[in-house]
Amino acid sequence: MRSDHFTSRLLQVSMAAVLLYACKPNNAGNAVSGNAAEKTYVAPGKYDEFYNFVSGGFSGQLSVYGLPSGRLLRVIPVFSVDPEKGYGYSEESKPMLNTSHGFVPWDDLHHTELSQTNGEIDGRWIFVNGNNTPRVARVDLKTFRTAEIIELPNSAGNHSSPFITENTEYVVAGTRFSVPVGDNTDVPISSYKENFKGTISFISVDKNTGGLSLAFQLETPGVNFDLSHAGKGPSHGWFFFSCYNSEQANTLLEVNASQRDKDFILAVNWKKAEEYLKAGKGTKKAVRYAHNTYDETSHTSKSEILNEVISLDPKVLKDICYLIPCPKSPHGCDVDPSGEYIVGSGKLAALIPVFSFTKLQQAIANKTFEGEYDGIPVVKYESALYGEVEKPGLGPLHTEFDGKGNAYTSFFVSSEIVKWNIKDLKVLDRAPTYYSIGHLCIPGGDTKKPNAKYVIAYNKITKDRYLPTGPELAQSAQLFDISGDKMQLILDFPTIGEPHYAQAVSADLVAKNSTKFFKLDENTNPYVTKGESNAKVVREGNKVHVYATCIRSHFAPDNIEGVKLGDEVYFHITNLEQDWDIPHGFAVKGANNAELLIMPGETQTLKWVPEKTGVVPFYCTDFCSALHQEMSGYIRVSPAGSNIPLTF
Ligand code: K7E
Ligand code: RUQ
Ligand code: CUA
């Protein structure tokens, strides 16, 4: 016993050392074979075959690459302000970043999930999570802009999110940090076991509009949810969540939180939860959370604060939740394309357990339980286990599938991708990554229909892959061709922020729906100006509203007088262009709210409170025509009591 314990402690300590000091893999080698250039070359003027949506981690953004070229196409601000897009600066977009804590313009974005129909990517929306101030966002793939953000109450460290069901019925969000819930949350931290709870939020998605609403929350034991995936096919109706810290320790140093030999995968029967919900078994709980939506017709966003959530208690409603023991600190939790196999990845484990959905169902039916954990039945490990992949590598994190019966798992500690066969659990191939891979992605690799052309590694550490750029180096993605039996490294490309999960989709599916411009005659912004002849300046008390237009290459009006110190000036600029890719910029000297960028057909508003008298120039910042440099104007600010009339 004692020596067992000692050995396992030793193993933990040495694993921890490697975790902390992950370095160049010992199977290193720069094996890029002869035809890599040919395989990744996309000639000038040609399109890529895939869009690759890559999470930006602590940048709070989502970046979009073309594959196989690795060319950066766009960075989409979600939980961040971004001068390149004007997001978070205009009066119209600011409410998107509102929360119950106020304006929170920075978050930590880890996971991407493309919407699905019948278990296949449908190219309509992509969902992403904000970890820090718990939020889930929907990005519209017509516009490549953030369309909606919903905050999550009773949550902290929203990591197990935003995974979706096969018809995008729900987006789920499991909390990583359990927190005290209810009226009094000012409790001793040492009372974790009594007072701290985990939650899983089920956010329903409107089939037609993509609109999000918080359908219900499951109140769970105070474990830490890490990742999840929905069942599909035969397991549709279920959701699987990895959880660690089953010790429910309030300090996660290894000695507290990784003592147990096994943590859990939580299996949730969400169809059952829906039945209970319909039968009125939920309880209403008072909470506060923001729900922000951007409307692409009025080009405005609004933020609503909501104050109620329906909560279901799986300790009472017994047949919603079951726990499956899973070796040490599970991280990834992935379901294969058939929906039968559930792969858990213990990041401190040296094997990969594969669970069988059929066996899990039998174990539940026969009540083959080893006991209960905080009121939730625990299924016996062996009774749900299909088998274990033995000695696959060190520190398994995430698994994607190729749809041909194989799985590809990332190994952080041994810094490699390992390909293995699901049926016989045999390792088939391994490829080193530079260095310390986190997530990996196969186009459609977590759906029913993967497109097994490439696997992309998203690495944590770059070291000697690129030219040095000071103390911080570009993060690295690596593209492998997997069309043959062996993985072949064909390209490195840098990414924005820190990449966690990423997904790729056939370009055709998305490109055909791309918005080229907004229709001016459909613009319902309350401050729209449809045509230069309608441009005007209106005073309402100390508020001056400038209803302006822009078109190549001038603003109307472009000379404004009669503004006084103490006024608030609102520039409502409508871009009259009805053509693809003709935005105009709008910048006012010294304006503390910076600038605008206005898409064709759109209206955006800049609020400016002049702080001194004088004449202030404004101009267009986006090179739009040969006369772009002429696209400018002046606004005159006079003393508070002056009688200069309003002219324009
Ligand atoms: Cu593995 Cu936040 Cu998905 Cu990163 S997490 S690696
Ligand atoms: S100008 S085309 Cu400011 Cu030289 Cu840019
Ligand atoms: Cu408009 Cu430059």
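Please keep in mind that the model is predicted.

I start with the overall division. The protein is split into domain 1, residues 2–511, and domain 2, residues 520–638. Between the C-alpha centres of domain 1 and domain 2 the distance is 42 Å. The two do touch: 15 residues of domain 2 are in contact with 11 residues of domain 1. On the domain 1 side of that contact, 6 residues are polar, 3 are charged and 2 are nonpolar.

Next, ligand 1. Which residues are around ligand 1? They are His110, His111, His159, Leu227, His331, Leu397, His398, Gly438, His439, His500 and Tyr501. Two elements each give two or more residues to this shell, namely strand S27 (396–401) and strand S31 (437–441). Sorted by class, the shell around ligand 1 holds 8 polar and 3 nonpolar residues, and no charged ones.

Last, helix H6, which runs over residues 357–365. Phe357, Leu360 and Ala363 are buried in this helix. Why are these three on the same side of H6? Because the arc they cover around the axis is only 120°.

What do the buried residues of H6 pack against? Their partners are strands S17 (262–269), S20 (321–327), S22 (341–346), S23 (351–356) and S25 (376–379), together with helix H7 (381–384). After H6 comes Lys367, which has a positive phi, near 50°.

That is the end of the tour.

Key. Residues are numbered from 1 along each chain as its sequence is written. Chains are lettered from A and ligands numbered from 1 in the order in which they are written. This is a predicted model: local features need pLDDT of at least 70, side-chain atom pairs count only at pLDDT 80 or more; totals for chains, interfaces and linings use all residues. Domain bounds come from an automatic or database domain assignment. Two residues are in contact if their C-beta atoms, placed from the backbone, lie within 7 Å. Ala, Val, Leu, Ile, Met, Phe, Trp, Tyr, Cys and Pro count as nonpolar, Asp, Glu, Lys and Arg as charged, and the others, Gly among them, as polar. A residue is near a molecule or strand if its C-beta atom, placed from the backbone, lies within 6 Å of it. Helices (H or I, at least four residues) and strands (E, at least two) are DSSP runs, numbered from the N terminus. A residue is buried if 20 or more other C-beta atoms lie within 10 Å of its own, exposed if 12 or fewer, and partly exposed in between; C-beta atoms are placed from the backbone. The arc is that of the directions from the helix axis to the C-beta atoms.
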